[in-house]
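Visitor: I would like to learn how to read a model like this one. Please take the features one at a time.

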Amino acid sequence: MRQEIVQTDLTVVGGGLAGVCAAIAAARLGRTVALVQNRPVLGGNSSSEVRVWVCGATAHGTQRYARETGIMGELFLENQFRNIDGNPYLWDLTLLEAVRAEPNIRLFLNTDVHEAEADGDEQDRTIRSATGWMMGSERRIRFESLIYLDCTGDGLIGFLAGAKHRIGREARSEFGESWAPEVPDDITLGSTLLFYTKDAGRPVRFVPPSFAIDVAKTTIPERRIIRSGDNGCAYWWIEWGGELDTVHDNERIRDELWAVIYGIWDYIKNSGKFDADRMTLEWVGSIPGKREYRRFVGDYVLNQNDILEQRPFDDRVAFGGWSIDLHPPQGVYATESGSKHLYSDGVYHIPFRSLYSVNVNNLLMAGRDISATHVAFGTTRVMATCAVMGEAAGTGAALCAIKGVTPRELHREHLRELQQTLLRQDASIIGIRGDDPDDQARRASVSASGTLRRLAAESSDEVYPLSSNIGFIVPVDPKLDGVELLVDAAEDAELQVEAWSTGRMENYVPARLVHSASAFVQGGLRQWIALPLVWTPDDAQNAFIVVKANDRLSVHLSHRPLTGVLTFKDGGQPSVPASLEEKRVDQPLVRWRAHPFERKTVCFRLAGETDAFLPSKATDGYHRPYGGPHLWASEADPAAAPQWLELIWPEPVPVGSVHVTFNDDVNEDLINLHHHRTPFEAIPELVKDYRVEAWQDGGWTTVAERRDNRKRKLVHVLDARIETKRLRIVVEATNGCPRAEIVEVRIYG
């Protein structure tokens, strides 16, 4: 047996997505990191060992413009290119290569940390070391660092260090949460095992093990959905253990879940109710995917009201958008719905104070163990949200190490620097403007080869009957001065429309009626109908335009998506029955569904010109949609002639690196595994081929270029620093979009 000591600036324990993103974030800021994972692969519940698909703020397309950026966004895009069909082993590889690409990370797989040395009194403790055993290598490793991040999910390291924590459900009265029980208890969400099946191409017999349950004697066939062709994510409801201790009873929980899986498969194969003669089991999980255990107490405890009110914390460093998603304690044996959901009207915000311990002064946490109530945890627990919290915690930890301060001191004295650092790295914060004083682009005037000023979708690919209300989002910048719709009328009819504000800049639902209009339509096909719908808001923002139902009318749809425009259907039956997922259909986010119109746009024309895509939008400090697209879009297609965005300074400025962020359509719901398949390897709106040019000696000189790009953000570090008064990004091709779209340009000396 070998005894080792590893000394780094930071130790990150837990190699799930929170830990991976925390380690990468800190390493990119120049800190040395030990990333310690107790399994042979990274990814935690998303790994090939467990195979839970990565959910996040998009809520499978329910939230709009909500896909994560930063490190999690990079992983989504890279996996989409490498692994379009969701192979779990290729997802493992995507994560491993992302970590190995960072020279400041030392990765320790198969290393189970089970000791922590800490000192100080109960209110002010400091971790001195964490010690783990590397299985198969007989190495006992002591990790010594300035800062520790507990990304273990179960919260073991913080617990060993004496960090204050909670397990179970708070009383309703403590935080005024309507979804909390009247009396506190120790109930948690249960754990899940998944399984895969395949068609063997020939008849396959299945003899169930002796421990398999008889599903027919339970309520499972009545209360859950069983189909022979489903596997993996369709069986998330195979859950149990919420009434037990999900850590100490882990083995018992696993055994019961195995009994359920093999019982379900016996039912599918041998009951005679399914066409499953050729089906066989391909894979059955052996590591329960845990949902909940310890939650640490930070300087702030995030609660249900913060989520639903979308509280805009001054110290927000991440966001989420998944529903508050709680499951019955009895899991698969419950007679009630398998889950119940409550949504905020848009994405919500996560404060930095929920990412560090209230009493261990060098401990940060990210993932499902952050400082949140059980109810709030019902949404923050999903993995892409854990990942963005990981990037925020890792960035905060790196700054703590650089400055020699505690996380609480960082919050008190350096909060703006933390947020601006995250924004510079393209991390996911909503509604805070990038304002880096070192960014030369902030002082430049911006022009372009041409700009999209006329907002319209005129090419019809489909006719859609107005059997229910439909709606569509358009940016109003600076005003709405009328709209035309392409309409078919079976007979004379009245077309009615309404313009609604969305309430908050991060929301995409109708909140307040601001104007309505109507027009007479004669019977006939393909008529452009003008409607005097007007609105001049105080600030540029989105309008939600509602087209009222009329059985005599149909609208036209274009299959060419238009950035900044989304189309919705009002109402309709949820895709999943209430016996499995209980949702409040009266909630605006649930009521107005975008799924029927993915990458489709209602055919319309806005009167007048829009300022929503001006060149200056690429330097306005916002790198995500927020009350508008916040990007420059060219008028012409780069395939016809290169399109460019130019920055001009009155005097020469030093240029050492150029940061360019392209539009990766954060409304597109990507997934890592098997929930659904997105048909393109690279987001069509992403710029594919481009070059960076600087004006030198009376002409343009190429200082950087890229071909076959599939990434959102690229940083070009020049071979030698230059000085110039003019610099431009020249777009030669996209991955399919008929416009060049640039979200942000930053210039550093």
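Guide: Start with burial: buried residues make up 61% of the 749 residues in the chain. Buried means under 20% relative accessible area, exposed over 50%, and partly exposed in between, with a 1.4 Å probe and protein chains only. This is a predicted model, in which local features need pLDDT of at least 70 and side-chain atom pairs count only at pLDDT 80 or more, while totals for chains, interfaces and linings use all residues. Residues are numbered from 1 along each chain as its sequence is written, and side-chain values use heavy atoms, with hydrogens and water left out.

Visitor: How many helices and strands does the chain have?

Guide: Helices (H or I, at least four residues) and strands (E, at least two) are DSSP runs, numbered from the N terminus. Here there are 13 helices and 41 strands. The radius of gyration, taken over C-alpha atoms, is compared with a globule rule of 2.2 Å times the number of residues to the power 0.38. For this chain the radius is 27 Å, close to the 27 Å from the rule for 749 residues, so the chain is as compact as a globular protein of that length.

Visitor: What share of the contacts with a separation of 6 or more comes from residues 24 or more positions apart?

Guide: Contact means heavy atoms within 4.5 Å. The share is 79%.

Visitor: At what angle do the axes of helix H2 and helix H10 cross?

Guide: Axes are lines fitted to C-alpha atoms, for helices over the stretch in contact, and angles run from 0 to 180 degrees between N-to-C directions. H2 (residues 70-82) and H10 (residues 383-403) have axes that come within 7 Å and cross at roughly 130°. Angles under 35 degrees count as roughly parallel, over 145 as roughly antiparallel, 65 to 115 as roughly perpendicular and the rest as oblique, so H2 is oblique to H10. H2 contributes Gly70, Ile71, Met72 and Phe76, and H10 contributes Ala384, Ala387, Val388 and Glu391.

Visitor: Which backbone angles deserve a look?

Guide: Most residues other than glycine have a negative phi, and most peptide bonds are trans. Arg51 has a phi near 70°; this residue is in the loop between strand E3 (33-36) and H2 and is buried at 4% relative accessible area. Arg599 has a positive phi of about 55° and counts as partly exposed at 24%. A cis peptide bond, with omega about 10°, joins Asp477 and Pro478. Pro478 lies in the loop between strand E24 (470-476) and strand E25 (480-489).
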